[in-house]
Amino acid sequence: MAHLTSHHTLPAFPEGLKTAPLVSVSFAKLQNNDEGSSADFFQACKELGFFYLDFVGSQLGETIISEAEELNKVQKEFFALPNEVKDVYGRPHLHPFYAYRYTETEGEDENGAPLRNANYNLRKDDILGQCERLACHPLIFQYQDLFERYVRHCRAAVDVLLEHLNKHLQLPPGTLANLHRIHERSGDHVRFTQNHPGAFNEERARMAEHTDFGSLTILFNWLGGLQVRLPENDEWVYVNPVPGSCIVNLGDAMVKFTAGILRSNIHRVVPAPSTQAHLMRNSLVFFTRPEDKVILKRLKGGIIDAQPQSNQPEPEMTSHEWIILKGTGRLPGVFTSKGFEGKARNPVAQAPPVAVSIPA
């Protein structure tokens, strides 16, 4: 995969470091409806909620790898822009969630300004022209075709995964797909992420613990730093980036839809380990979420009907309401099949509270 990825240009992930036991699932085999690979995939979705999706050997998969490498270059260009330029596209003034955001960290740049760990959320509906577009830097428009291809290809891969989940859950055909139609408004988005090297800080690490609050997440990492909490003993372990594979994890929506059959696992991002600790760390994420109007509640049918009924009914809300509340720190930090766990976290200290009833 050296010809497709840039992993070989970076220091290797340290040997001997305990890593998360992620199963590797061949996307090409899923495309061909290989029963063994499909079973491994479903088991991973139930047990850890994280797995490697091996794109090697799939035309669509290898296209996504190539596009991810190109977008990694684009995000580095964006984060290199002056702070005052990036701030124009920041939250909450641009949007409570789909915008640039940052937290200050130790150290200063060449102009004496505090260093920033930052991310930038670009929603699918802006990229595909399905809504009134939020303001963005000309750099984003320059690569419009790349963004659009990447979004459509990631969604095509997600559709394959949803179809396999639908089959194993024994739901009526198209149940999950009809909650995630690409042409409908949703919280799907591309995220750029950049973190400066720094020492491990236990308090910051705890503040970063979370579950994703959508359906499926496609993540490309080039350095270590992602950690998952093992369900059996609560131990935090690194996830080793694998060339040719993305990391996929399930979010809270899939727990809600399946009454806890599928798992949305707690994870966090910390500084890269030893051999990579001195480097700037970038990640590229594509989040898939249910359509904005979908009510997040238990689905009916298939093996879900055999799941125990909850004794603690939760207020129903739409996917859009859930995203805004969770994304701005007004819901508890993590969600499990038993409900919320822990206190609400405030991922961006400088962002003021917002109301749920916001412009889409």
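## Ground rules

Helices (H or I, at least four residues) and strands (E, at least two) are DSSP runs, numbered from the N terminus. By that scheme, Asn119 lies in strand S4, and we'll come back to it.

This is a predicted model, where local features need pLDDT of at least 70 and side-chain atom pairs count only at pLDDT 80 or more, while totals for chains, interfaces and linings use all residues. Residues are numbered from 1 along each chain as its sequence is written, and side-chain values use heavy atoms, with hydrogens and water left out.

## The sheet

Let's start with an open sheet of eight strands, in the order S1-S2-S9-S6-S11-S5-S4-S3, with mixed pairing. Strands S1 (23-26) and S3 (100-108) sit at the edges, each pairing on one side only. From one strand to the next, the twist averages 25°. As for what counts as a pair, DSSP has to find at least two bridges between the two strands.

Walking in from S1, four bridges join S1 to S2, and these two run parallel. Ser26 stands opposite Asp54 in S2. S2 then pairs with S9 in the antiparallel sense, over five bridges, with Tyr52 opposite Ile247 in S9. Next comes S6 (residues 216-221), antiparallel to S9 (residues 245-250) and joined to it by four bridges; here Ile218 has Val248 in S9 as its bridge partner.

S2 is largely enclosed by the rest of the structure, because four of its five residues are buried. Buried means under 20% relative accessible area, exposed means over 50%, and partly exposed is in between (1.4 Å probe, protein chains only).

## Helices against the sheet

Helix H3 (residues 59-79) packs on the sheet and touches S3, S4 (114-123), S5 (189-195), S6 and S11 (281-288). Contact here means heavy atoms within 4.5 Å. The direction of H3 makes about 120° with that of S11. Helix H7 (residues 144-168) lies across S2 (50-54), S4, S5, S6, S9 and S11, running at about 60° to S11. For these angles, axes are lines fitted to C-alpha atoms, for helices over the stretch in contact, and the values run from 0 to 180 degrees between N-to-C directions.

Helix H10 (residues 319-327) is mostly covered, with eight of its nine residues buried. Among them are Trp322, Ile323, Ile324 and Leu325, but also His320 and Lys326.

## Back to Asn119

With a relative accessible area of 11%, Asn119 is buried. Leaving aside residues up to four places away in sequence, Asn119 touches Phe79, Ala99, Tyr100, Arg101, Arg191, Phe192 and Thr193. The side chain of Asn119 also makes a polar contact with the side chain of Arg101, at 2.9 Å. A polar contact is a pair of N or O atoms within 3.5 Å; within protein, one must be able to donate a hydrogen and the other to accept it, and residues adjacent in sequence count only if both atoms are side-chain atoms.

Asn119 and Gln194 are 75 residues apart along the chain, yet their C-alpha atoms are separated by 6.2 Å.

## Cysteines

A disulfide is a covalent bond between the sulfur atoms of two cysteines. The cut-off here is a pair of cysteine sulfur atoms within 2.5 Å, and the structure holds zero disulfides. Cys45 is in no disulfide, and the nearest cysteine sulfur, that of Cys246, is 12 Å away. Cys45 counts as buried, at 0% relative accessibility.
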